[in-house]
Amino acid sequence: MAGEANAPLAAMIGSDVAHPTLLFVPQPRNRDMRFEFAASLAEVVLDYVRSRTQRSEVLGNDVVFLEAPQLLVPNRAGAAFVRLLGRSTRFRRTTGLYPVPQRVPTLGRWLTYLAERSEHPGSAAMLAMTEALSMHWASGQSALEDANLAAILGWIDPPDGVTGPEAAIAAEDPLVWPPAGPSTDPSFDNEVLAPAIRAYADSAPDSPRRMHALQTLERELRGQMEPTWRLMWRAVDVLRALPPGDTVEQRWTADRKDFSRYHNYLVMDGRPQARRDGAVVAARRLQTLEREQTLYDATRALDDPLVMANFRVTGEAFEGTVVSVERDRRVTGEKGRRITRPLIVVSTGDPMHLAVGAAVRSPARLGQEATIVEIRRLADSTLVTLELAGGMGRRAAPAPGTVPEEKDDITYTSAFPDAFRTPDLPPTELTPWTHGGPPQPYVPTEDDAREVWE
Amino acid sequence: MDNDTSERLRRLRGAVPAKRHNARTVAALTGNPGCARRAVLDAAGVDKEQLARHVGFPAKFGQSQFAITRGNAFEAQVKANAFAELIRLLRETLELELNEVGQTDLEEVGGNTSQEMRHIRSRQKLTGAAADGESTFFDHPLLTLDVGGNTVYLEPDLVAFHHNGKFHVVEIKSFAVIDDQADGGKVAAAATQSAVYVLALRRLLGDDDAVSDEVVLVCPKDFSNQPVATKVDVRKQLIVLQHQLSRLSRIEKLVGELPPALTFDLAAGDDGKPTRSAAALTAALAEVEARYAPDCLAKCEMAFFCRKEASGCTATLGINVREELGGVETVAEALGLADGSLIASDSQAEAAAMLRTTAEIYGSVTA
């Protein structure tokens, strides 16, 4: 509800386009009703999470569920709202002041988990639909306008007889396409919602007038959400029509592993996530995110030539033709041994911005290291000399096919999966005193649970 | 401002009362200082909302009554019982030893609510306080600020707090601070608005040192109604604001270049609707150049009109696109440069080379 930090008004949720569950709060400022909403939402979400844990496989030392939960929300603000709802419910307790059913804090932990997981590059645990669409389509409008689900979908998949731009303009009319949340349209608030809430509040419990007020609220809120519900499923259809990238499976496995890990944690320990990360946790998290970002960018480029094209435009990758090969070149290595280090020269027309010494890889031969040793710029092309190492078999002479040949078309990129290397951080229990020593595990305080919620 | 310019601005506005600026519109003005259309309409006090509606492009930002109610309730709560809650917060935040604090309500002057009267009284009280140094809250003072040669009254819901010879601007906002973090965009907006007040207060007192460059932001804590105060350093916002105000295209010059008979008169006829046709007003708007960017959609009432007018321009795709395509005004031009059917001018050379490379590389991939 407008003006409140995190007062849920209504939600439409489900995993079947034909059967959404509508939840709403007749008086969003009422704390008890917020808890009731959270409890009802918890039933739907926790049932779904449980349904993802039915089958598992063994990967290494871990038992990993075959499925993981995925939450799709219309836009980034919706994802932020989910995170806050997780924050406001995960510290609740079943005893003491303001007791709630156990499923409310459990919901809070899962929503927080999904929100945190979604920050990991490549994770599909929680996606804002507008961003998922923007990754695959360029529209003719600004990024700001792309944040409107109806508008961006209008560009991508306009109704029959309407052009993309026309559909996008039509999508801006809140009477036709009510906002995709979490905020409602101000005119709807003022003209429809406020009188409906007032009618509810002014009627006696269980009176016919109250029943009528509830029906009005339900009808109006359903009317505000149903168009977005349909848009979400249309967006899902549009996305599913795309062929999946080769490394999608790999990324989903990472999501499944992490989901299984957190599921186990909730069973074994179950304390809620801290209000704020400690220094050590934050440092580790940051390092992980950086590594994952590199991996994600690189693997996407391997999956999709259009993503690679962007690296070529910015000069971080180049495509060209092999113009000469010194296949059997051997040099003396650091240990005094003779080692095979073929040289190849690639002629490219791309605006290559890499420097001598840069490590690159060819997507077609990821196991082979390549280092730029010389760059010669000609009038309309660039000659790049690369020294190759590895991936050529055990013998002195490279195995057939392991070194590119003249006239081969080849791509080299500086963004490849293991390009990001950082020194390992010490184990948590060995955190040096300079950094505050080993961090104390987070224990939720009484204050966290007693927090006022109205 | 000379008489000529005032007269011209009056004519531009026509026979209707002028629309007032507030801290929010001044802050927004600094966001797009190059827009002559906005500068002229604001300086003339034209009702942009009504104008946009009349020419068929109504603005789409209303405020929900829930948000207004919440904001007012929170402000009232913080100010209740002679500012008791606020005194406690300021004692902690500013590390002050305070027991009693006087207060001066500047919302009206003996039943007289005219802007001039209120401003004169605000000036008297504030300068008086600077002289005698007592701890006092000033509730709703009315300040003025010169914006592009035009005096703007600021109608803030702020409290200026004076203690030990120093004024502090206290801004009450109803967005929540959750686990010591608040929405970055809202904090930035609040900081810019507060900077407008700091600047106005400094100009009024004629003494920069008399007003702290740290403002106190009072917001609800976590999910409760309990207020929490945070000091926000607005030095950066002040520098930006002063810079933008000083280089705001001088209104005299802008107005001087417009056709003498130009007007945006929205005076209503007997049917309550503006007598001038939408077509006439649209033609008048075309006389004043706009500088549209997608950000305008959230800030300016005229944005939908300007967006339509700018369709086909690279600027409509966002500031980053416009900057990357420096010198390339339209999408058609960009496409022409990309496929080589247009020859780039000197100023377009860099953007044109980038466009050609991009077209070649993407073209080879999708072919």
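In this predicted model, 38% of the 367 residues of chain B count as buried. Chain B contains 14 helices and 8 strands, and its C-alpha trace spans about 75 × 55 × 40 Å along the principal axes. When contacts in chain B between residues at least 6 apart in sequence are considered, 63% of them join residues at least 24 apart.

**Nonpolar cores**

The largest nonpolar core comprises 147 residues. The residues with the most contacts inside this core are Val82(A), Val196(B), Val198(B) and Leu201(B). Helix α7 of chain B, residues 184-205, gives the most to this core, with 9 residues. In soluble globular proteins, nonpolar side chains tend to be buried together.

Setting aside residues up to four places away in sequence, Leu201(B) touches Leu143(B), Ala160(B), Phe167(B), Val169(B) and Val211(B).

**Contact between the chains**

Between the two chains, 31 residues of chain A are in contact with 28 residues of chain B. On the chain A side, at least two residues each come from α2 (76-89), α5 (143-146), α8 and α12 (305-313). By class, the side of chain A that touches chain B has 15 nonpolar, 6 polar and 10 charged residues.

**Two helix pairs**

One helix pair lies in chain A and another in chain B; the table gives the axis geometry of each.

| Helix pair | Residues | Axes come within | Crossing angle |
|---|---|---|---|
| α8(A) and α9(A) | 186-201 and 208-240 | 8 Å | roughly 155° |
| α13(B) and α14(B) | 331-339 and 349-366 | 7 Å | roughly 70° |

Angles over 145 degrees count as roughly antiparallel, and α8(A) and α9(A) are therefore roughly antiparallel to each other. Their crossing is left-handed. From α8(A), the residues Phe188(A), Val192(A), Leu193(A), Ala196(A), Ala199(A) and Tyr200(A) meet Arg210(A), Ala213(A), Leu214(A), Thr216(A), Leu217(A), Glu220(A) and Gln224(A) of α9(A). By class, this contact has 9 nonpolar, 2 polar and 2 charged residues.

For the chain B pair, the angle falls in the range of 65 to 115 degrees that counts as roughly perpendicular, so α13(B) and α14(B) are roughly perpendicular to each other. The crossing of α13(B) and α14(B) is right-handed. Here Ala334(B), Leu337(B), Ala338(B) and Asp339(B) of α13(B) meet Ala352(B), Leu355(B), Arg356(B), Thr358(B) and Ala359(B) of α14(B). By class, the contact of α13(B) with α14(B) has 6 nonpolar, 1 polar and 2 charged residues.

**A loop residue in chain A**

Lys407(A) is located in the loop between strands β13 (382-389) and β14 (409-413) of chain A. Lys407(A) counts as exposed because it has 9 C-beta neighbours inside 10 Å, where the cut-off for an exposed residue is 12 or fewer. Apart from its neighbours within four places in sequence, Lys407(A) is in contact with Thr321(A) and Val322(A). From Asn30(A), Lys407(A) is separated by 377 residues in sequence and by 73 Å in space, C-alpha to C-alpha.

Definitions and conventions
Residues numbered from 1 in each chain as written. Chains lettered and ligands numbered in written order. Predicted model: local features only at pLDDT ≥ 70, side-chain atom pairs only at ≥ 80, totals over all residues. Core = buried A, V, L, I, M, F, W, Y, C linked by C-beta atoms within 7 Å. Buried ≥ 20, exposed ≤ 12 C-beta atoms within 10 Å, placed from the backbone. Helix = DSSP H or I, 4+ residues; strand = E, 2+ residues; numbered from the N terminus. Contact = placed C-beta atoms within 7 Å. Axes fitted to C-alpha atoms, helices over the stretch in contact; angles between N-to-C directions. Parallel < 35°, antiparallel > 145°, perpendicular 65-115°, else oblique. Left-handed = near helix turned anticlockwise from the far one by under 90°. Nonpolar A, V, L, I, M, F, W, Y, C, P; charged D, E, K, R; others polar.
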